[in-house]
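I opened the model to look up ligand contacts and aromatic pairs. My entries follow.

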Amino acid sequence: MTYIDILKSKSECNIVVLTGAGISAESGIKTFRDGNGLWENHKVEDVATPEGFAANPSLVYKFYNERRAQLLSGEVHPNPAHIALAELEKALKSNIWIVTQNVDNLHERAGNQNVIHMHGELASAKCAVTNQAQNWVAELNASDRCHCCSPGTPLRPNIVWFGEIPYNMEKIETLLFDADLFVSIGTSGNVYPAAGFVSFANQCNAYTLELNLEPSNGQTQFAESRQGPASELIPEFVSNCLKYL
Ligand code: BJW
């Protein structure tokens, strides 16, 4: 059996797509685990933990300022994988949700509206006290203040770091519970809770499909796994969905 048999058997199909850094790689955004445990030459614990931020806030602001600037520079654009998923949402209306671990905004720029950013967003900052988020496209520095407290308190990047609880977990669980098809794209399966979604989707009787450049850590848990670049695999997947749904 393949996912095409599932598509053929359903008149309506609830699809949940989990995306990771691999879907944005061909847009020019580096993935996380390509550089021997270093992200842009930094140790993970220095730039992606609350402890790292407390120890050296300037380094962390600079790290995310550079990544935000790259994202908004005009050099980075949605690639054919993002664009295909947006076409699918347009055709299926409310039956597809993208749960992304990515902090870029390429799904939205391609046209998807049903997007959940479980690890936060680069183009946003949040109050370090209330956690209230606000759009942020400029440089973010220790002197910037929120609008929700009086007097304003410092803002931090709106990123979920290690040890923090990802966003919208209840909504994600509900979507997985109702899913007929769970598709994991461009993620190594190293980081929880996202790495556990395949197991939960299996328990909820969804068909599970992995589309990744290489087999992920959790590959054996998927009913089906296909390898290749997202810019090829995703347009092919979407074209089959549009053909059979
Ligand atoms: C292509 C491609 C192409 C390349 N086409 N494919 C021990 C056991 C279990 C869990 C833990 C544990 N110890 C600690 C934990 C928990 C911890 C964790 O998982 N740690 C692991 C490292 C072990 N997790 C957490 O702390 C999370 N919080 C949490 O668990 O809270 C508890 C809780 C949860 C739920 C309910 C209640 C309580 C928080 C995790 C936050 C992760 N944040 C980051 C950093 C964001 C900052 C930033 O962006 O700088 O998010 S980590 C980083 O990894 C980032 C990513 O979103 C995430 C996932 O990475 P991803 O997307 O998979 O990227 P890569 O690079 O790993 O893989 C890319 C893949 O693409 C590869 O496979 C390539 O082959 C492929 N590829 N080109 C297709 N063209």
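**Ligand contacts**

I began with tyrosine 192: one of its backbone N or O atoms lies 2.7 Å from an oxygen atom of the ligand. I count N or O atoms within 3.5 Å as a polar contact. The model is predicted, so local features need pLDDT of at least 70, side-chain atom pairs count only at pLDDT 80 or more, and totals for chains, interfaces and linings use all residues. Residues are numbered from 1 along each chain as its sequence is written, and side-chain values use heavy atoms, without hydrogens and water.

A backbone N or O atom of glutamate 164 sits 2.7 Å from one nitrogen atom. For alanine 230, a backbone N or O atom is 2.9 Å from a ligand nitrogen atom. Alone, the ligand exposes 1500 Å², and the protein buries 76% of that (Shrake-Rupley method, 1.4 Å probe).

**Aromatic pairs**

How many aromatic pairs does the structure hold? I found 6 (ring centres within 6.5 Å; planes under 30 degrees apart are stacked, over 60 edge-to-face, the rest tilted). Tyrosine 3 and phenylalanine 237 have ring centres 5.3 Å apart and planes at 50°, so this pair is tilted. Tyrosine 3 is buried at 2% relative accessible area, and phenylalanine 237 is buried at 1% (buried means under 20%, 1.4 Å probe, protein chains only).

Next I looked at phenylalanine 63 and tyrosine 64. Their ring centres are 4.8 Å apart and their planes at 85°, so the pair is edge-to-face. Both residues are buried.

Note on methods
Buried < 20%, exposed > 50% of the residue type's maximum accessible area, 1.4 Å probe, protein only. Polar contact = N/O pair within 3.5 Å; in protein donor to acceptor, adjacent residues only side chain to side chain.
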